[in-house]
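Biologist: I'm new to reading protein models. Could you walk me through a few features, one at a time?

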Amino acid sequence: MHVHVLSSDVAITDIPPASTVRAPAAAERPPTEQIWTPRLWGVLAVLCGVLFLDGLDVSMVGVALPSMGAELGLSTTSLQWIVNGYVLGYGGLLLLGGRTADLLGRRRVFLTALAVFAVASLVGGLVNDGTLLIVTRFVKGLAAAFTAPTALSILTTTFHEGPARNRALSVFSVFGASGYSSGLILGGLLTGLGWRWTFLTPVPLALIALVAGIALIPRDRPPSDGGHDIVGAVTLTGGMLLAVYTVVSAPDRGWLAPVTLGSVALAAALLVGFFVTENKVRHPLIRLGILRIGAIVRANLSIVALFGSYLSFQFMMTLYLQDVLHWSPLKMAMGLLPAGLLVAFGSPFVGRLIDRYGTAPLIISSMTSLSLGYVWFLATAGNAPHYAFTILPTMLLLGGGFAFGFSSIMAQATDGIDDSEQGLASGLVQTSGQVGAALVLAVVTALVAGGTASGGDGFAEFHPGVNLVSAVAVIGLALNLVPLLRRHRPQHT
C-alpha cells in the first residue's frame, strides 16, 4: 500500500483520482447478473438480522427513557447519556472498527463484536445504578462500532456493485427500519412490564445471529501486504472519543467552561496529529485520498443531516409525548410508528430507483422531505400539536425522507471503492452519521433543558430544538443542490 498525500490546494471533485480506481481484479468481474444462491441469501439474512437487532435495541431503549428516569432518578441531561453513551462508543471507534475488519478479517471481527454486544445487553438489564447503565450502553456502542461497518463491508464485498448490491442494500435497509418499528411497539409493551426487559430481549436474538453467522459467513483472508498504523489508531480513537465526549458533556458543564475548552483543544491536537501521521506512514489507517471524491464527501455530510435531525427529533418527541402529554409508552410508540412503517415498506423500491435515477436525485428528495416535515411541524404545532393534523403528516414526511435517504447515501458512500477499502468507506460514512447525531442531540438537549429551566410550558420548551433540526435538514438539502446547480450553470468561453 502506498502513502497518499491530500494536498490542501486540491479541490474536491466528482472525478476519483487514479489511486481510487478499482484494482484490475475487481474490474474483471463478469458483467452477467450475480446469482443469488441459498448461501448468499443466508449471509444477507445474518447481516440483516444484526441490523434489525441494532434498530430494535435503539428504539426500545428510546421508548423506555422516561421509565428509566423515574425509577433511577435520572434528569433529562442524564437520560441524554443513555443515548449518547452508546453514540460515544459507536462514533468514536467506527473508523477503527471498519479498518480493523479490513486488516484482521471481516468474519472474525464481526462475530467477536456480536458476542460482546450480547454480553453487554445482559449486564445492562441487571444493573441498578444509572452510571453502570450508561457504561453498558457505552460498551454496546463499542461492539456496534465493529459490527456495523463490518456488516456493511461484508455486504458490499459479497454483492457485486450495481443492481445486485443496490438490491441487497435495499433489503438491508428494510430490516433496519423493521427493527426500529418493531422496537417501538415491543418497547411500549415491555416497558409496561419493566424497562429492564428492553435490555434483556436482544440477548437471545444476538446469540441466534451469532450461531447463524458462524455457520454461514465464509472465512476471509486479510490482505498479506496489510500493515498496522498504531500511532494513527491511537490518535484517531483518542481524538474521536474525546471530541464526542466533549460535545455530549458540554451542555451540562457549559460550552465555555475551562474543562470544555481544554477538551476541545486536546481533541483537536490529537486529530491534527492523526492527519499528519497518515501522510507519513506506509500503511495508513485511512487513505486520505478518499476524501478527494466529491460524491463521498457529500454522502458523509448528508448522513450527518439525516441522522442528526431525525434521531434528535425522535428524542424530543419521546419526552414530549410521555412527559408533557402523558401518553403511555405503547400509545407513544404507536404514534411514532408510521415513520418506521413507511421506511420498512418503501425501502425495497429504493434499489430500483437508484439503478434508474442514481443516488443524487434520491438524496435531494430525502432532504426535501425531511425539511418539509420539520417545517410543517413548526408551522402547525402551536402549544398542543394535534395528532392527525400535525404529528401524523410529520411522521410520514420523515419516514419518506429516511426511506429515500439511507440506502442512497450508503450506496453513494461506497460506490467505486475497491473491496480492500470497503470497511474504511463504510466506517467513514457511519462515523459521520453517529458523530453528527451526537453533536446535534447534545445541542438539542441543551436547548430543551434551557427551555425547561426558563419555565417553558407545553411544546414551547421543545420549540428551539425543532428549529435546530429543521436548520440541519435544510443545510443538508442545500449541500446536495449546489453540485446540481453548478452542473446546469451556463458555460462561458
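Biologist: Let's begin in the middle. Which residues of the largest nonpolar core touch the most other members?

Modeller: Remember first that this is a predicted model. The general idea is that in soluble globular proteins, nonpolar side chains tend to be buried together. Here, the largest nonpolar core has 97 residues, and Met68, Phe110, Leu306 and Phe313 touch the most other members. Helix α2 (residues 38–72) gives this core its largest share, 16 residues.

Biologist: Which residues does Met68 touch, not counting those up to four places away in sequence?

Modeller: With those sequence neighbours set aside, Met68 touches Val61, Gly73, Leu74, Ile82, Leu133, Trp195, Thr198 and Phe199.

Biologist: Next, the rings. How many aromatic pairs are there?

Modeller: Two rings pair if their centres lie within 6.5 Å, and planes under 30 degrees apart count as stacked. The count for this model is 11 aromatic pairs. One of them joins Phe307 and Phe406, and that pair is stacked, with 6.2 Å from centre to centre and 10° between the planes.

Biologist: Where do Phe307 and Phe406 lie?

Modeller: Phe307 belongs to helix α11 (residues 294–324) and Phe406 to helix α15 (residues 387–414), so their pair ties together parts that are 99 residues apart in sequence. Both Phe307 and Phe406 are buried.

Biologist: What about Tyr310 and Phe402: how are their rings arranged?

Modeller: Their ring centres are 4.8 Å apart and the planes meet at 45°, so this pair is tilted. Tyr310 is in helix α11 and Phe402 in helix α15, so here too two parts are tied together, 92 residues apart in sequence.

Biologist: Are Tyr310 and Phe402 buried or exposed?

Modeller: Buried means under 20% relative accessible area. Tyr310 has 5%, so Tyr310 is buried. Phe402 has 16% relative accessibility, so Phe402 counts as buried. Ring pairs link Phe307, Tyr310, Phe402 and Phe406 into a cluster.

Biologist: Is His326 buried or exposed?

Modeller: Exposed means over 50% relative accessible area. His326 has 64% relative accessibility, so His326 counts as exposed.

Note on methods: Residues numbered from 1 in each chain as written. Predicted model: local features only at pLDDT ≥ 70, side-chain atom pairs only at ≥ 80, totals over all residues. Heavy atoms only, no water. Phe/Tyr/Trp six-rings, centres within 6.5 Å; stacked < 30°, edge-to-face > 60°. Helix = DSSP H or I, 4+ residues; strand = E, 2+ residues; numbered from the N terminus. Buried < 20%, exposed > 50% of the residue type's maximum accessible area, 1.4 Å probe, protein only. Core = buried A, V, L, I, M, F, W, Y, C linked by side-chain atoms within 4.5 Å. Contact = heavy atoms within 4.5 Å.
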